[in-house]
Amino acid sequence: MKLARRTEKLRSFIAMDVLEKVQGMAQLGHDVISFSVGEPDFPPPRAVKEAAIKALKGDFTKYTHSLGMPALREAICAHYRRRYGVKLYPDQILVTAGTSPAMLLLFNALLNRGDEVVLSDPHYPCYANFLRFAEARPVFVKVREEDGFQFRPEAVRKKLGKKTKAVLINSPANPTGCPLPSSVMKSLAKTGKYLISDEIYHGLTYSGEERSILEFTDRAFVLNGFSKAYAMTGFRLGYLIFPRVFSKIFQNMAQNFFISASSFVQAAGIAALERAEADQKRMRKIFDERRKAMLAGVKSLGFGVANDPTGAFYVFANAKHYTKDSYRFAFDLLEKAKVGVTPGIDFGPSGEGYIRFSYATDLKKIHEGLARIGEYLRQRRLI
Ligand SMILES: Cc1ncc(COP(=O)(O)O)c(C=O)c1O
């Protein structure tokens, strides 16, 4: 029996392949350092853990409203009002088990077969995989290292047509760690197309501004979640913000497909938004120290970084003078030097020749991992 054609086209998320291999090697007793994973090494904030435990002890373990606990949706509205000055209503928010399910639901709600979504190349790999799964077509706009891997608005406009359903932005971005300037957001908002804005790395900006697309237009869908800035990857908690007119449609989808997100995890989400600001600040400060160390180290090894990244926890470095095959390079480095990195090809065709280094790990490991990479390059007479 053959499964549906859409499953045959779904390729693996290579960053996860690397992670799973790193985990397998560690289980066999190898001392592996991982710069591959987009997951903070911090424990979640204490208030978050306490809220989850309190909810469990109080038997807060039933289904919630399909759009999410009203109190959590209120807290998300308050968060967007406080941070960006935008007014949201709880009925335009859908709470999900992570940002990924929100994306799956959004793309399936939005797209008919053959519809197009414009996005950057390179990009977070799952975007293109999700879009193809929904039988839509990702339309890539090549973004350049010298532009901080961000859109030139005129290049986006050239790709817009009758079939364009939305333009997708991600700022600060995975894999590049670069922000999208507010002037570009403004310009994209004027195209008249809907925008999809993945704001999951908000809260992890080390210099410069952090703006939500909702400051510039309400013709937008926002994806966001608690995995990154609150170190809550395993809690699985995210949300989608949509224009209010679509409320009942998303509610119907949530009722049918998910029933609701986990109740005690949602209680922890409220604590994250209301009582974890100091923890967030502390983690951001540490990430910034790591960012500087990773950047200096990567550059000193001869990898190219045209614009220092100022957000998320990634350095996307040019390795074209070391390899034309980032996949082989990454897996060889893992086997020989016991350092996991993510090959640029995971992030789209323009990512080939680049390597993504995640600095969501401690300074000691960053220095040790970089030393191992240096040794690997020296042994191959590449430096
Ligand atoms: C840009 C981006 N969006 C969404 C996600 C998904 O996050 P989660 O499903 O953990 O909320 C990730 C995870 O790496 C990401 O990098």
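1. Pro-172 sits in the loop that runs between strand 5 (164-170) and helix 8 (182-189). The peptide bond from Ser-171 to Pro-172 is cis, with omega near -10°. Helices (H or I, at least four residues) and strands (E, at least two) are DSSP runs, numbered from the N terminus.

2. This is a predicted model, in which local features need pLDDT of at least 70 and side-chain atom pairs count only at pLDDT 80 or more, while totals for chains, interfaces and linings use all residues. Residues are numbered from 1 along each chain as its sequence is written, and side-chain values use heavy atoms, with hydrogens and water left out.

3. A cis peptide bond also leads from Asp-121 to Pro-122, with omega near 10°. Pro-122 belongs to the loop between strand 3 (116-121) and helix 6 (125-133). On the backbone, Ala-231 should be noted too: its phi is positive, about 55°, although the residue is not a glycine. Ala-231 is found in the loop between strand 7 (220-225) and strand 8 (238-241).

4. The protein is divided into domain 1 (5-43 + 278-377) and domain 2 (46-276); the bounds come from an automatic or database domain assignment. The C-alpha centres of the two domains lie 24 Å apart. In contact terms (heavy atoms within 4.5 Å), 38 residues of domain 1 touch 40 residues of domain 2.

5. About 3300 Å² is buried between domain 1 and domain 2, and carbon and sulfur atoms give 57% of this area. Buried area here is the accessible area (1.4 Å probe) that two parts lose on being put together, summed over both. Gln-280, Thr-310 and Phe-347 supply 19% of the area that domain 1 buries against domain 2, more than any other three residues.

6. Which polar links cross the interface of domain 1 and domain 2? The rule finds 21 residue pairs in polar contact, both at pLDDT 80 or more. A polar contact is a pair of N or O atoms within 3.5 Å; within protein, one must be able to donate a hydrogen and the other to accept it, and residues adjacent in sequence count only if both atoms are side-chain atoms. On the domain 1 side, helix 1 (5-9), helix 11 (277-300), strand 9 and strand 12 each supply at least two residues that touch domain 2. Helix 11 gives the most, with 8 residues. The residues of this side divide into 18 nonpolar, 11 polar and 9 charged. In that count Ala, Val, Leu, Ile, Met, Phe, Trp, Tyr, Cys and Pro are nonpolar, Asp, Glu, Lys and Arg are charged, and the others, Gly among them, are polar.

7. Across the interface of domain 1 and domain 2 there is 1 salt bridge, defined as a side-chain nitrogen of Lys or Arg within 4 Å of a carboxyl oxygen of Asp or Glu. The structure holds 23 salt bridges. One of them joins the side chains of Asp-346 and Arg-11 (3.5 Å, N to O). Asp-346 lies in the loop between strand 11 and strand 12 and Arg-11 in the loop between helix 1 and helix 2 (14-27), so the pair ties together parts that are 335 residues apart in sequence.

8. An open sheet of 3 strands has the order 9-12-11, with antiparallel pairing. Its edge strands, each pairing on one side only, are strand 9 (314-318) and strand 11 (342-343). Two strands pair if DSSP finds at least two bridges between them. Strand 9 and strand 12 (residues 354-358) pair over 5 bridges, and the bridge partner of Phe-316 in strand 12 is Arg-356.
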